[in-house]
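Please prepare a short briefing on the structure shown here.

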Amino acid sequence: MTKEKTYQEKLDNLNPKKAIARGRKYFSEKEFGEKLRKYSGQIGTKIVYYSLLLYYAFKSPETPKKAKLTIAGALGYLILPLDVIPDFIPAVGFADDSAVIIYAVYQVLSHIDEEVKGNAKIKMEKIFGDSVDLENLQDPLEEKDKK
């Protein structure tokens with residue numbers, strides 16, 4: 001059995017809801033910022049954008065506590081150094097983090113408003129500069145409608 005298959009099996013068995021519950025105690029705004037600065041190129045623009053949507057929804061006074069707990073758990077899971085698939089594994093290291101972030105976005109989608117999206121896009125420009133097309137960032141609401 002190859003390691004890649006083992007990682008795929010781990011990913012297949014990932015329970016995002018449990019991962020979020022586990023990640024809550026690891027969330028910190030400082031650690032989140034450091035993780036994005038250090039790994040944004042490896043994480044990819046979509047997941048960085050979704051992570052920022054979560055972060056700015058977390059910061060919004062309009063977001064209820066229950067949604068903030070989900071967000072803190074997902075971002076905490078992203079920060080975790082040792083998760084289901086360690087982040088340092090090339091090509092698959094952020095697959096579990098991505099699954100948890102995407103799951104959390106869809107759980108709190110109703111709390112991601114235009115202000116949150118605008119703040120996330122501004123931060124994306126700071127992180128990626130001209131290498132990201134802000135107009136074509138995938139809006140989770142539009143993606144959900146495609147399904």
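Which backbone oxygen does the side chain of Lys 68 reach at 3.2 Å? The side chain of Lys 68 reaches the backbone oxygen of Ser 60 at that distance. This is a predicted model, in which local features need pLDDT of at least 70 and side-chain atom pairs count only at pLDDT 80 or more, while totals for chains, interfaces and linings use all residues. Residues are numbered from 1 along each chain as its sequence is written, and side-chain values use heavy atoms, with hydrogens and water left out.

**Overall fold**
- The protein has eight helices and zero strands; helices (H or I, at least four residues) and strands (E, at least two) are DSSP runs, numbered from the N terminus.
- Of the 147 residues in the protein, 46% are buried (buried means under 20% relative accessible area, exposed over 50%, partly exposed in between, with a 1.4 Å probe and protein chains only).
- Contacts are heavy atoms within 4.5 Å; among those between residues at least 6 apart in sequence, 73% join residues at least 24 apart.

- Helix H4 (residues 45–59) has 15 residues and spans 21 Å from its first C-alpha to its last, close to the expected 21 Å at 1.5 Å a residue; the expected span is 1.5 Å times one less than the number of residues.
- Twelve of the 15 residues of H4 are buried, so this helix is largely enclosed by the rest of the structure.
- The buried residues of H4 include Tyr 49, Leu 53, Ala 57 and Phe 58.
- Helix H6 (residues 95–107) has 13 residues and reaches 19 Å from first C-alpha to last, close to the 18 Å expected.
- Among the buried residues of H6 are Asp 96, Asp 97, Val 100 and Tyr 106.

**Lys 68 and Thr 63**
- Lys 68 lies in helix H5 (residues 65–79) and counts as partly exposed because its relative accessibility is 22%.
- Leaving out residues up to four places away in sequence, Lys 68 touches Ala 57, Phe 58, Ser 60, Pro 61 and Thr 63.
- A polar atom of the Lys 68 side chain also lies 3.2 Å from the backbone oxygen of Phe 58; a polar contact is a pair of N or O atoms within 3.5 Å, where within protein one must be able to donate a hydrogen and the other to accept it, and residues adjacent in sequence count only if both atoms are side-chain atoms.
- Thr 63 is in the loop between H4 and H5, and it counts as buried because its relative accessibility is 5%.
- The side chain of Thr 63 has a polar atom 2.6 Å from the backbone oxygen of Ala 57.
- With residues up to four places away not counted, Thr 63 touches Ala 57, Lys 68, Ile 71 and His 111.

**Lys 117**
- Lys 117 is in helix H7 (residues 114–128) and is buried, with a relative accessible area of 9%.
- Beyond residues up to four places away in sequence, Lys 117 touches Tyr 49, Leu 53, Ile 112 and Asp 139.

**Largest pocket**
- The residues lining the largest pocket include Lys 17, Arg 24, Lys 66, Tyr 103 and His 111.
- Helix H2 (16–23), H5 and H6 are the elements that give two or more residues to this lining.
- A pocket is an open set of points on a 1 Å grid over the protein atoms alone, where a 1.4 Å probe fits, with protein on both sides within 12 Å along at least five of seven lines; lining residues have an atom within 4 Å of a point.
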